[in-house]
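Please look through the sequence and the model before reading on. The paragraphs below are meant to be read with both in view.

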Amino acid sequence: SPCDESPLVQMMMRLQEELRAYLFLFVEVASLGAAAPTCRPLRDFLWNDPAFWKVYAGVCFSRVSQVSDAASLRERFRIWLFHLEDEWATDFQEGLLQENHSDFGANYLQLFKDARYIASGLMPWDNCQQVKTFSDVSSTMLREYNPKQLDERWAAESFISKVEGREDVFSKDQVRGIIEAFEESLEKSILQQHLEGVEDAQWGEPIAEGAEWQSWDLEEDSEDSFGLGDE
């Protein structure tokens with residue numbers, strides 16, 4: 001194919017796996033995923049090459065040195081990259097609780113960004129109980145954050161958009177629960193803002209009437225002080 005004859009592909013085929021890995025370390029992981037399926041040589045020398053993955057993602061293979069096939073190495077790299085080791089959802093939940101008890105409260109902007117990142121890395125075969133825990137924690141976050149903080153609300157909407165596109169991971173009930181939690185917090189924020197506006201209006205009217213009465217009374221006093229009231 002034309003791709004096989006590309007100078008770039010020919011150069012990649014001549015490089016050792018260490019050099020191939022170093023080249024891709026300077027770009028996004030998505031670039032590797034986009035390049036590998038373009039032609040057979042790149043698929044063989046990138047995606048299906050265990051030696052390439054051991055160099056490219058060597059930092060996460062310290063505990064699994066016995067793994068040798070490319071598929072297992074890629075899976076281990078995904079788990080490490082998206083923080084999906086062991087009880088990952090429980091760890092995320094504990095992190096939320098710790099932030100809620102901190103002096104400055106939870107940083108929901110960062111939490112929603114982290115949640116979106118994790119959701120983008122999940123696969124259908126991941127632990128379903130951990131996925132459920134993650135879904136429940138996400139719903140809790142969406143109920144507790146302040147939608148008036150626009151940056152947090154935009155981060156929450158971005159997270160929900162990612163969840164809605166991962167029907168292969170989240171069940172319909174889980175997606176519905178996350179969306180309902182977001183809508184619930186938004187409705188509460190709108191209602192609270194309305195009530196605050198009504199309260200401000202109720203406090204504002206007597207002040208205006210009092211100011212008018214006080215002004216009229218001062219005018220009468222002013223006339224008496226000049227002796228106009230005796231005429």
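Predicted model: local features only at pLDDT ≥ 70, side-chain atom pairs only at ≥ 80, totals over all residues.

Residues are numbered from 1 along each chain as its sequence is written, and side-chain values use heavy atoms, with hydrogens and water left out.

The protein has 11 helices and 0 strands, where helices (H or I, at least four residues) and strands (E, at least two) are DSSP runs numbered from the N terminus. Read from the N terminus on, the elements therefore run α-α-α-α-α-α-α-α-α-α-α. Of the 231 residues in the protein, 32% are buried; buried means under 20% relative accessible area, exposed over 50%, and partly exposed in between, with a 1.4 Å probe and protein chains only. Among the contacts with a separation of 6 or more, 61% are between residues 24 or more positions apart, a contact being heavy atoms within 4.5 Å.

Which residues have the most contacts inside the largest nonpolar core? They are Tyr56, Phe112, Phe134, Leu142, Phe159 and Phe170, in a core of 50 residues. Helix 8 (residues 108–121) gives the most to this core, with 6 residues. A nonpolar core, as the term is used here, is a set of buried Ala, Val, Leu, Ile, Met, Phe, Trp, Tyr and Cys residues joined through side-chain atoms within 4.5 Å.

Axes are lines fitted to C-alpha atoms, for helices over the stretch in contact, and angles run from 0 to 180 degrees between N-to-C directions. Helix 8 passes helix 9 in a left-handed crossing, a term used if the near helix is turned anticlockwise from the far one by less than a right angle, with right-handed used if clockwise. On the helix 8 side, Tyr108, Leu111, Phe112, Ala115, Ile118 and Ala119 meet Phe134, Met141, Leu142 and Glu144 in helix 9. The residues of this contact divide into 9 nonpolar, no polar and 1 charged, where Ala, Val, Leu, Ile, Met, Phe, Trp, Tyr, Cys and Pro count as nonpolar, Asp, Glu, Lys and Arg as charged, and the others, Gly among them, as polar.

Helix 8 also meets helix 7 (residues 88–100), and here the axes come within 12 Å and cross at roughly 175°. Helix 7 and helix 8 are therefore roughly antiparallel to each other. Trp88, Phe92, Leu96, Glu99 and Asn100 in helix 7 meet Tyr108, Leu111, Asp114, Ala115 and Ile118 in helix 8. By class, this contact has 7 nonpolar, 1 polar and 2 charged residues.

Thr133 lies in helix 9 and counts as buried at 15% relative accessibility; beyond its neighbours within four places in sequence, Thr133 is in contact with Ala89, Thr90 and Gln93. Asp126 is found in the loop between helix 8 and helix 9, and, with a relative accessible area of 13%, Asp126 is buried. Leaving aside neighbours within four places in sequence, Asp126 is in contact with Arg78, Leu84 and Gly121, while the C-alpha atoms of Asp126 and Val169, 43 residues apart along the chain, are separated by 8.2 Å. Gln174, in helix 11 (residues 172–225), is buried with a relative accessible area of 17%, and touches Val131, Lys132, Ser135 and Val169, not counting residues up to four places away in sequence.

The loop between helix 6 (70–81) and helix 7 holds His83, and Asp86 has its place in the loop between helix 6 and helix 7 as well. Most residues other than glycine have a negative phi. Phi of His83, however, is near 60°, a positive value, and phi of Asp86 is near 50°, also a positive value. Asp86 counts as exposed, at 65% relative accessibility.

Notes:
Parallel < 35°, antiparallel > 145°, perpendicular 65-115°, else oblique.
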